[in-house]
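Subject: A structure to look through together

Hi there,

Here is the structure I promised to pass on to you. Please open it beside this email and follow along as you read.

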Amino acid sequence: MCGIVGYVGESEKRQILLEGLKELEYRGYDSAGIAVISKDILQSFKAVGKLKNLEEKTKNFSANGFGVAIGHTRWATHGKPTELNAHPHLGKESYVVHNGIIENYQELKKRLLQKGVNFLSQTDTEVIVHLFEDYLSLLKDSFKAFEKTIQELEGAYAILLITKIEPDTIFFAKNGSPLLIAKGDDGIYFASSDTAVIGKAKRAYYLEDGEWGYVKKDEITLFDKEGNKKELEFKDLPSDKLSAQKDGYRFFMEKEIYEQSSVVVDTMMGRVLEDDIHLDEIKEGFLDGINAIKICACGTSFHSAMAASYLFERIAKIRCDVEIASEFRYKEPLLSKDTLFITISQSGETADTLEALKMAKRAGLKSLTICNVDNSSIVRESDVALLTRAGIEKGVASTKAFATQTLLLWIFVLFLAKKRGVVSKEFLVNEIKAMQMLPRVLEVSDKLHEKIHRLSKRYLHGHGFFFIGRDIFYPLALEGALKLKEISYLHAEGYPAGEMKHGPIALADSNLFTIALMPKTMLYDKIKSNVEELSARDATILAISPIEFELADDFIKTNFSSHPMIEFFEMMVILQLLALEIAIRLGNDVDMPRNLAKSVTVE
Ligand code: F6R
């Protein structure tokens with residue numbers, strides 16, 4: 001997602017910041033900016049688009065001699081990717097860069113607006129700098145003002161702040177978003193990821209949540225959450241940049257599977273409250289008169305849509321049809337204006353989905369997109385965009401995009417259900433409780449990964465895989481099969497478990513691998529008898545379930561849960577890891593599978 005760099009020292013600062021930001025480019029961004037205080041002069045530059053635009057804008061700028069400098073690449077979450085929304089954000093005489101999301105920014109903004117503060121951007125970040133300056137005018141002490149500011153912030157943040165009042169200092173704070181301090185020969189560096197400082201510094205301190213402090217020339221002062229002074233324990237930095245980008249994982253896909261546990265926190269932030277669902281993006285009246293939902297998407301996004309269609313009908317009591325975008329386009333569909341047209345897309349550029357959306361708009365339908373890339377074509381074309389906030393997805397095989405799409409659809413289903421008055425408060429609170437378990441559910445344990453790694457060696461041959469499930473676990477079976485075929489090149493199909501006996505069971509023999517999704521909370525007995533039928537025909541069964549299943553050749557035990565969505569997400573991770581481990585054993589390039597592109601902008 002966004003990237004942060006900072007520097008306190010004598011070397012030329014433009015160069016240092018641009019080089020650092022370049023190393024963070026792989027995380028994705030849509031605008032960038034820097035701010036520097038050197039010789040008491042405060043200067044800042046911002047540009048939309050690629051870093052070369054910022055390079056061009058700053059080509060006549062340089063800052064030698066002692067000074068402080070901060071830089072940022074922004075991946076839009078609150079507000080469009082414009083220059084005004086790009087970081088650093090300016091107060092009167094201070095600048096801030098921030099990664100994460102300030103959950104209570106609206107409350108803080110309201111308070112500051114009442115005091116006459118002028119806001120220039122649509123971002124949550126801008127409140128930080130104004131709040132700091134507000135405290136500064138009150139307390140006349142920048143250290144105390146910074147302390148007070150971070151005490152008021154709720155949500156996730158990595159923050160660097162500079163101010164003309166203290167021109168030799170960078171204030172920093174970290175909670176939930178990564179930030180490190182590194183010691184170089186020529187000064188002290190900050191970065192949101194170590195790739196930005198490899199080659200410049202040899203040792204770094206990775207800040208912990210709740211830590212904050214300030215850096216001056218050759219002096220680092222660190223405090224914990226309670227305000228106690230802390231020693232910094234520096235660690236050696238890795239020397240290889242590519243593996244640092246992968247944070248030590250073998251492939252980006254693997255890293256993205258592990259990231260799911262943290263990106264869902266971003267997806268929920270400000271939307272899933274203690275006992276309510278809030279979607280800022282949907283203005284009052286937008287859903288009035290809507291009596292049906294039509295979703296169009298492709299590939300993995302289509303599977304997420306399919307899973308959500310069960311939830312729309314079951315929870316929000318609204319008719320929901322899902323169609324593959326490339327089919328929808330040419331079927332001369334009958335569309336009525338009381339239908340909300342939803343598109344789902346990681347990239348926001350998929351040609352078939354975009355064209356389907358344009359058709360729906362021509363027919364006068366209201367449109368909403370669930371998308372990962374702000375300002376993408378689909379976002380621009382839609383009336384409302386709900387951003388998944390998964391950060392850039394580099395692995396061609398989609399993982400964290402699927403997780404965040406499905407979660408955001410679940411959130412939207414609850415929002416709609418509440419609006420339609422078809423769910424009780426108690427039901428809503430229960431769903432929220434289940435949702436809040438997701439970060440833990442999505443954590444990959446070493447034990448699980450190791451088990452799947454060992455199992456995978458038994459699944460490298462055979463004449464094909466059937467992934468089977470029922471209800472929401474049927475689209476999950478489709479997704480499991482898609483993941484496997486994309487990166488292993490083995491034939492795999494997803495099927496509704498109850499449908500096997502209507503034909504596909506003819507294929508059953510010991511070389512047919514069946515991956516059976518057997519959740520406890522959803523039609524367990526039904527799927528059990530479907531799997532028994534396959535086992536009776538000698539199919540090799542890998543059962544995934546919280547309940548031991550004696551006919552299984554292999555068994556992955558999940559946790560007991562009382563909520564189907566928790567079982568869904570737990571099984572999703574297992575299927576992703578299984579595909580990954582099989583593909584790695586087969587020696588394939590997991591991140592760039594043959595014949596596939598990350599963004600399909602052609603028909
Ligand atoms: C599968 C995968 C593709 C995409 C599909 C739609 O791992 O990545 O199936 O899901 O091409 O792409 P988006 O979501 O960008 O519209």
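Is Leu 138 buried or exposed? Leu 138 is exposed, because its relative accessible area is 64%. (Buried means under 20% relative accessible area, exposed over 50%, and partly exposed in between, with a 1.4 Å probe and protein chains only.) You will find Leu 138 in helix 4, residues 126-139. (Helices, H or I with at least four residues, and strands, E with at least two, are DSSP runs numbered from the N terminus.) Between Leu 138 and Leu 153 there are 18 Å in space, C-alpha to C-alpha, and the two are 15 residues apart in sequence.

Before you go on, please keep in mind that this is a predicted model, in which local features need pLDDT of at least 70 and side-chain atom pairs count only at pLDDT 80 or more, while totals for chains, interfaces and linings use all residues. Residues are numbered from 1 along each chain as its sequence is written, and side-chain values use heavy atoms, with hydrogens and water left out.

Now for the overall layout. The protein is divided into domain 1 (3-245), domain 2 (252-434) and domain 3 (444-585); these bounds come from an automatic or database domain assignment. The centres of domain 1 and domain 2, taken over C-alpha atoms, are separated by 33 Å. Where these two domains meet, 18 residues of domain 1 are in contact with 16 residues of domain 2. (Contact means heavy atoms within 4.5 Å.)

Next, the ligand. Why does the ligand lie between domain 2 and domain 3? It lies there because domain 2 and domain 3 both give residues to the shell around the ligand. There are 14 residues around the ligand, and Ser 301, Ser 345, Gln 346, Ser 347 and Thr 350 come nearest. (A residue is near a molecule or strand if one of its heavy atoms lies within 4 Å of it.) By type, the shell divides into four nonpolar, eight polar and two charged residues. (Ala, Val, Leu, Ile, Met, Phe, Trp, Tyr, Cys and Pro count as nonpolar, Asp, Glu, Lys and Arg as charged, and the others, Gly among them, as polar.)

A backbone N or O atom of Thr 300 lies 3.1 Å from an oxygen atom of the ligand. For Val 396, a polar backbone atom is 3.3 Å from an oxygen atom of the ligand. Glu 486 has a polar side-chain atom 2.8 Å from an oxygen atom of the ligand. On its own the ligand has 410 Å² of accessible area, and the protein covers 89% of that. (Accessible areas come from the Shrake-Rupley method with a 1.4 Å probe; for residues, only the protein chains shown count as cover.) Helix 8 and helix 16 (473-488) are the elements that give two or more residues to the shell.

Leaving aside neighbours within four places in sequence, Thr 300 is in contact with residues including Ser 398, Phe 402 and Glu 479.

Which other residues are buried? Ile 342 is one of them, with a relative accessible area of 0%, and its place is in strand 18, residues 339-345. Although Ile 342 and Lys 294 are 48 residues apart in sequence, they are 6.1 Å apart in space, C-alpha to C-alpha. Phe 549 is buried too, at 6%, and lies in the loop between strand 24 (540-545) and strand 25 (554-557). Thr 558, in the loop between strand 25 and helix 18 (564-585), is buried with a relative accessible area of 4%.

The peptide bond from His 87 to Pro 88 is cis, with omega near 0°, and Pro 88 is found in the loop between strand 4 (67-74) and strand 5 (89-90). Lys 39 has a positive phi of about 50° although it is not a glycine. You can find Lys 39 in the loop between strand 2 (31-38) and strand 3 (41-48), and Lys 39 is exposed, with a relative accessible area of 63%.

Enjoy looking around!

Best wishes

Note on methods
Polar contact = N/O pair within 3.5 Å; in protein donor to acceptor, adjacent residues only side chain to side chain.
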